[in-house]
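My notes are below, in the order I made them.

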Amino acid sequence: MAGALALGDDALVLSHRLGEWAGHAPVLEEEVALANIALDLLGQARVLLSLVGDEDALAYLREERAFRNTQLVEQENGDFARTVARQLYFSVYQRLLYERLAAGRSEFRALAAKAVKEVAYHQDHAEQWTLRLGDGTGESHRRMREGLDGLWKFTGELLQPVEGVDVDWQSLGEDWLATVTDVLERATLPLPTGPRSGAWTAGAGRQGLHTEPFGRMIAEMQHLHRSHPGASW
Amino acid sequence: MATVTAGRQAPDGADAAAAREDGRTASFNATVAADERIEPRDWMPDAYRDSLVRQMAQHAHSEIIGMQPEANWITRAPSLRRKAILMAKVQDEAGHGLYLYSAAETLGTSRAELLDKLHAGRQRYSSIFNYPTLTWADVGAIGWLVDGAAITNQVPLCRCSYGPYARAMVRICKEESFHQRQGYELLLTLSRGTPAQHAMAQDAVDRWWWPSLMMFGPPDDESAHSAQSMAWKIKRHSNDELRQRFVDICVPQAEALGLTLPDPDLRWNDARGRHDFGPIDWTEFQEVLRGNGPCNDQRLAQRRRAHEEGAWVRDAAAAYATKHAPHPPGEDPSPSGAGTVADTPTTPAPDTEATA
């Protein structure tokens, strides 16, 4: 169940962040695309959390320290480039993970087989925007680079083995780095340098240690549900 | 060259041009009279074109601005199921905006131009979206009442004389009907829930009822465009007729919900076979139209901000498209600026016949 909780929280939290874009996207097509990705992730979250217990109790009644998502997905949206960078890092990870789970025999097999099609689309969307922004204008190149650099330190945790998720994490990590390196090269962007994890980021989110913006995010997410204990919606 | 000689025709040119104009007008009128469709390449009177652009732009803008009051609750939706429904709805609205801008573009305008006019306050959007969403129940009230009013208005547009608009409306009305049922179901759940939830639902209906009735526009004797629009079969029914139809639909639905409508004069009139209802506060309506509603400033400011803050993204997409165009820029047959994300035409509505 620890695995389902970790993967479910990743999807739930990133979906919420993408939902914050509604009405703020740079073009109408991105209103549709970002909402589409958010909906896919929310769908995955509901399946995964339901493997653990009641989806709403888990989403709305746990406190910050009980969430098991990685710190990457809880990072604030920032500008469009930062959102794209977060999505690129995460979608590549999720595609590689779900491909492996879909080929395996675990409890995640059915979900992964369905979701791998969705996350392949998410990865393509993030890749296409990474190319456009990286190889677009001087300003978009600078912003894309800042987005990628700023989130780099959260990528180490993303590739740490998750308890209860039985895949070859070593090869997943290698494939992730190869894929991201290839996309960034095509986008004329340098691979970020610097540590990919530190004392606080190596597996911290998976242990319920989060960054400060996360508490505010779940306060907003949970307040209505918590204001009406026991109510149905 | 044709463009040079067009203004200096043969001696009988003026008469011939007038005869041609008469013929085209007669053909246009005959098409409209026969309930057939005017298509983008057909000749049409300039005033018909202008009227359609105005109405379709306003309609598209309403979808886009209308995302805001509902998106306001996405991050606070009280269950994951409701959150998914709301996200899908707001996504649909962006899609409806896209259809409608595409349909308007068939008349020779562009999405960029229409958005500029919206941002400059030179084109309108529906007055309803200048009201705030203060509680979760407002999401349900918008679904039931606002989408309900929109559907009552829009179903006749599926038979509008302009083909691209009519076809866009067929698709839009299907999705809107789905949203409306979901909104109704949301309110029903609240109404049958805890006393606090029931009170929340009643309060939302109290606040959204009158603004929803205003969505049908001014009374018939004060509606500037109605007569001409009806003659052209852009519009099929008068504002007051559609408003009456909506009231008659809502009364039994409110009873089924276990909620009341905030109108002491609302009662069945046996003689008319319809419901009588109280006077609408047209002063409030005019104030909202003039920009003095509760959220006018914030709605437009957010739309402008999203557009301005997204400018560098659109510029990047355009620059990338130019760099990676199949031909070198110097040999590119397309005009500059083509291929930007904002200018890329979206898939037009399929050529299905309206059945509504």
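**Ground rules.** I'm working from a predicted model, where local features need pLDDT of at least 70, side-chain atom pairs count only at pLDDT 80 or more, and totals for chains, interfaces and linings use all residues. Residues are numbered from 1 along each chain as its sequence is written, chains are lettered from A and ligands numbered from 1 in the order written, and side-chain values use heavy atoms, with hydrogens and water left out.

**Chain B overall.** I found 14 helices and two strands in chain B; these are DSSP runs numbered from the N terminus, with helices being H or I of at least four residues and strands E of at least two. Of its 356 residues, 52% count as buried, meaning under 20% relative accessible area with a 1.4 Å probe, protein chains only. I also looked up contacts (heavy atoms within 4.5 Å): among those in chain B with a separation of 6 or more, 77% are between residues 24 or more positions apart.

**Helix pair.** I checked how α7(B), residues 137–154, sits against α8(B), residues 163–191: the angle is about 145° and the axes are 7 Å apart. Axes here are lines fitted to C-alpha atoms over the stretch in contact, and angles run from 0 to 180 degrees between N-to-C directions. On the α7(B) side the contact includes B:Trp144 and B:Ile151, and on the α8(B) side it includes B:Met169 and B:Tyr184. By class I noted 12 nonpolar, eight polar and two charged residues. Nonpolar is Ala, Val, Leu, Ile, Met, Phe, Trp, Tyr, Cys and Pro, charged is Asp, Glu, Lys and Arg, and polar is the others, Gly among them.

**Cavities.** I counted six of 30 Å³ or more. A cavity is a set of points on a 1 Å grid over the protein atoms alone where a 1.4 Å probe fits but cannot get out, and lining residues have an atom within 4 Å of a point. Volume is the space filled by probe spheres set on the points, which are joined across faces, edges and corners.

The largest cavity holds about 100 Å³. Its lining includes B:Glu70, B:Arg82, B:Trp136 and B:His179, and I noted five nonpolar, four polar and three charged residues there.

Which chains line it? I found residues such as A:Trp21 and A:Glu30 along with B:Ile74 and B:Met87. The largest share, five residues, comes from α2(A).

Conventions
1 Å grid on protein atoms, 1.4 Å probe; cavity = no way out; pocket = protein on both sides within 12 Å on 5 of 7 lines; lining within 4 Å. Buried < 20%, exposed > 50% of the residue type's maximum accessible area, 1.4 Å probe, protein only.
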